[in-house]
Amino acid sequence: MSYQGYGQPPPNQYPPQGYPPQQPYGAPPPGPPQGYGQPQGYPSQGQYGQPPPQQHGYPPQQPPPHGPPSHSPYPQQQHQQYPPPSHSPYPQQQQPYGAPSPGPPQGYGQPQGYPPQGQPQGYPPQGQHQYPPQQHHQQPPYGAPAAPYGAPPPQPYGAPNVMPTPPSPGYDPNQIAHFDASGPADALRKAMKGFGTDESTLIRILAHMSPQEIPTLKQTYQQRHRRSLESDVKDEVSGYFEFALLAILRGPLQQDVWCLNDALKGAGTKEALLDDVLIGRSNADIRAIKTAYQQTYRRSLEADVKSDLSAKTERMYSMILAASRQEESAPVHPQAVDADVTELHRATEAKTGAEALTVCSILSNRSDGQIRAIALAYEHKYRRALETVIKNDFAGHMEDALVRMVRTGADKAMRDAIALEECMSGPGTKDERLTTRIVAVHWDRAHAGQVRGAYKHRYKKDLISRIRGETSGDYERILVAMME
């Protein structure tokens with residue numbers, strides 16, 4: 001079988017599709033071409049149900065706390081569907097996972113054995129920019145107020161007009177849900193007052209609070225009862241049940257900060273915890289995390305990482321903490337993808353002794369869409385999956401970190417499904433890691449449903465049943481409630 005140059009698939013295997021035309025200077029860049037960059041072995045990507053944002057500043061968000069999500073075709077499980085149909089602004093998907101699409105597939109490089117990739121209902125057509133056009137940055141006048149918390153630095157003169165990815169829900173202190181939390185606050189106090197604790201009420205209220213609702217609930221509890229909600233929880237419950245409830249009450253940003261401190265304090269470093277918090281995050285999230293860490297511990301996160309780690313591992317995290325990733329709204333340029341593929345091959349299987357820092361530099365600075373394109377192009381050109389190459393050429397924590405980067409770009413739902421199974425497989429359950437990962441996943445209900453679908457697809461069993469088999473008591477009930 002012969003090929004007619006890179007980007008031209010064999011006849012009848014992939015539909016013809018060229019690279020997107022370049023936009024004139026100042027025009028909003030289009031999204032990555034539909035289907036381009038989808039590696040084999042992963043389902044197709046799209047966008048979660050997110051309506052066009054408002055026209056000023058960072059728009060209200062519904063993505064998960066690990067960056068802007070992409071649509072996954074995994075079906076929702078039977079336990080509960082998120083978002084609930086009555087509240088979703090978009091039509092429900094009618095095609096189950098694996099069902100044939102009504103029309104021919106449109107995407108370049110659509111792998112065989114997976115459903116064709118189309119445009120989900122209720123989403124803007126391909127080529128339309130999802131965020132409002134960004135205004136040209138001007139030098140602020142002397143004495144002007146500083147940029148808002150977590151805001152990106154201004155772009156240099158003549159830079160492409162790329163809209164920055166907004167912070168995830170819970171990572172902008174100004175995004176707080178203003179609602180009457182007196183009912184939940186009183187119910188929580190009643191559940192913990194007097195002899196005994198009503199654990200069912202704690203689970204019912206806290207397992208489904210959104211990131212924006214947590215600060216309001218804690219403030220209302222303090223104002224009405226002159227008590228700290230977190231302190232009362234510490235006094236009333238214990239064990240991994242307490243661990244889970246406190247992780248929820250911190251909210252996603254402070255939970256990340258707490259995890260980073262836990263990973264860096266004492267003898268040794270918990271690199272897996274650092275990976276969970278930092279790898280694959282948007283620039284806005286990284287800036288918010290660094291600011292919150294500094295405010296909480298009066299220390300620089302970069303300085304703590306440098307003092308606790310060394311050599312290539314320290315350099316890798318320094319690249320990540322620089323918050324210099326390409327934004328998700330930036331276009332995917334085929335020439336840049338080809339150059340990255342060639343450089344990755346040169347730094348890995350083309351030589352003896354892989355160049356870890358070269359691979360780190362590429363994967364830590366590319367957007368999810370660009371990483372998807374790189375993974376597909378690499379496999380198309382060299383007939384080997386990029387993840388497999390990394391596993392063959394690296395070992396230990398460096399292997400784990402680089403594989404997580406690739407999986408984050410390829411399919412976040414599958415990445416998280418694999419991460420949860422790793423906590424439950426083998427002898428004993430890694431309870432702290434399992435709890436931390438479930439709390440991180442549960443902040444986005446739609447993403448949690450996709451993780452359940454990805455788990456079912458890969459392991460041919462139900463994630464909720466798997467969690468029930470590995471845990472017990474109130475600890476089991478809080479984990480299940482978060483994933484339902």
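Predicted model: local features only at pLDDT ≥ 70, side-chain atom pairs only at ≥ 80, totals over all residues.
User: Is Tyr-455 buried or exposed?

Analyst: Residues are numbered from 1 along each chain as its sequence is written, and side-chain values use heavy atoms, leaving out hydrogens and water. Buried means under 20% relative accessible area, exposed over 50%, and partly exposed in between (1.4 Å probe, protein chains only). Tyr-455 has a relative accessible area of 0%, so this residue is buried.

User: How many aromatic pairs are there?

Analyst: Rings of Phe, Tyr and Trp (its six-membered ring) pair if their centres lie within 6.5 Å; planes under 30 degrees apart count as stacked, over 60 as edge-to-face and the rest as tilted. By this rule, the count is 5.

User: Why do the rings of Tyr-240 and Tyr-475 count as they do?

Analyst: Their centres are 5.3 Å apart. The planes stand at 35°, so the pair is tilted.

User: Which helices hold Tyr-240 and Tyr-475?

Analyst: Helices (H or I, at least four residues) are DSSP runs, numbered from the N terminus. The two residues are 235 residues apart, and the pair links distant parts of the chain. Tyr-240 lies in helix H5 (residues 239–264) and Tyr-475 in helix H19 (residues 473–483).
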